[in-house]
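User: Hi! I have a protein open on my screen and would like to talk it through with you. Can we start with the overall picture?
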Amino acid sequence: MKIFYLMILGILFTGCCKDEVVGRDLLSDYEKELIPYSGYDEIEYINEEGQIVLAQSTPTKIESDRWRPGPESCSVREYQTSTSHLIFRSEDFTLQIEIDKLLAGNFTINIGRGESFYFGQDCRIPLDQPIEQRVTNISIEDYEFTNVIVFENCSDFSEISKIFYSAENGIEYLEFLNGSFLKIN
């Protein structure tokens, strides 16, 4: 019986390998500052009827993690993510803003309202340029937006069609399919 246990221990110890870091995908200084929410702050938005709608932000978290291509693999990639939430209690939805370096600097916004809807730039345009080069100026509903990133709806059933985002203010504008909107006040 002792020999059996020694064989099992031998297999366990020889079957394990030391992790080898084969790449690091860390957030750039620009990406670390891209999500401006630093605390549990109330942010005022105004809708198309001039009514105030409040949202609450959560502090931005920057986390490091490792990814391995399979459970037996000894190769790992180290990467960082930056995440925050914007909670619209009266409208009953939450926006999750995330930059994920594991996915080549993918910058996405997910909307949760019982279900999750995905907003990104990669559903309509290629992502072969850094995030800071995707910034544009745009006007809509008699409002001018400068230095914003435009997110398109990548889901089939979301009520929101577009989101304008800036590093300075975060979510600046939400356009709904029914023609209504929320604009940062």
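This is a predicted model: local features need pLDDT of at least 70, side-chain atom pairs count only at pLDDT 80 or more; totals for chains, interfaces and linings use all residues.

User: Thanks. What share of the residues counts as buried?
Analyst: That would be 41% of the 185 residues.

User: And the surface, how much of the accessible area belongs to carbon and sulfur atoms?
Analyst: Carbon and sulfur atoms hold 50% of it, and the accessible surface comes to about 11100 Å².

User: What about contacts between residues 24 or more positions apart?
Analyst: Those pairs make up 47% of the contacts with a separation of 6 or more.

User: Where does Asp92 sit?
Analyst: Asp92 lies in the loop that joins strand 5 (75-88) to strand 6 (93-100).

User: Is Asp92 buried or exposed, and why?
Analyst: Asp92 counts as exposed because its relative accessibility is 56%, and the cut-off for exposed is over 50%.

User: Now Asn147, what is its phi near?
Analyst: Asn147 has a positive phi too, near 55°.

User: Which element holds Asn147?
Analyst: Asn147 is in strand 10, which covers residues 143-153.

User: Buried or exposed for Asn147?
Analyst: Asn147 is exposed, with a relative accessible area of 52%.

Terms used:
Residues are numbered from 1 along each chain as its sequence is written. Side-chain values use heavy atoms; hydrogens and water are left out. Buried means under 20% relative accessible area, exposed over 50%, partly exposed in between (1.4 Å probe, protein chains only). Contact means heavy atoms within 4.5 Å. Accessible areas come from the Shrake-Rupley method with a 1.4 Å probe; for residues, only the protein chains shown count as cover. Helices (H or I, at least four residues) and strands (E, at least two) are DSSP runs, numbered from the N terminus.
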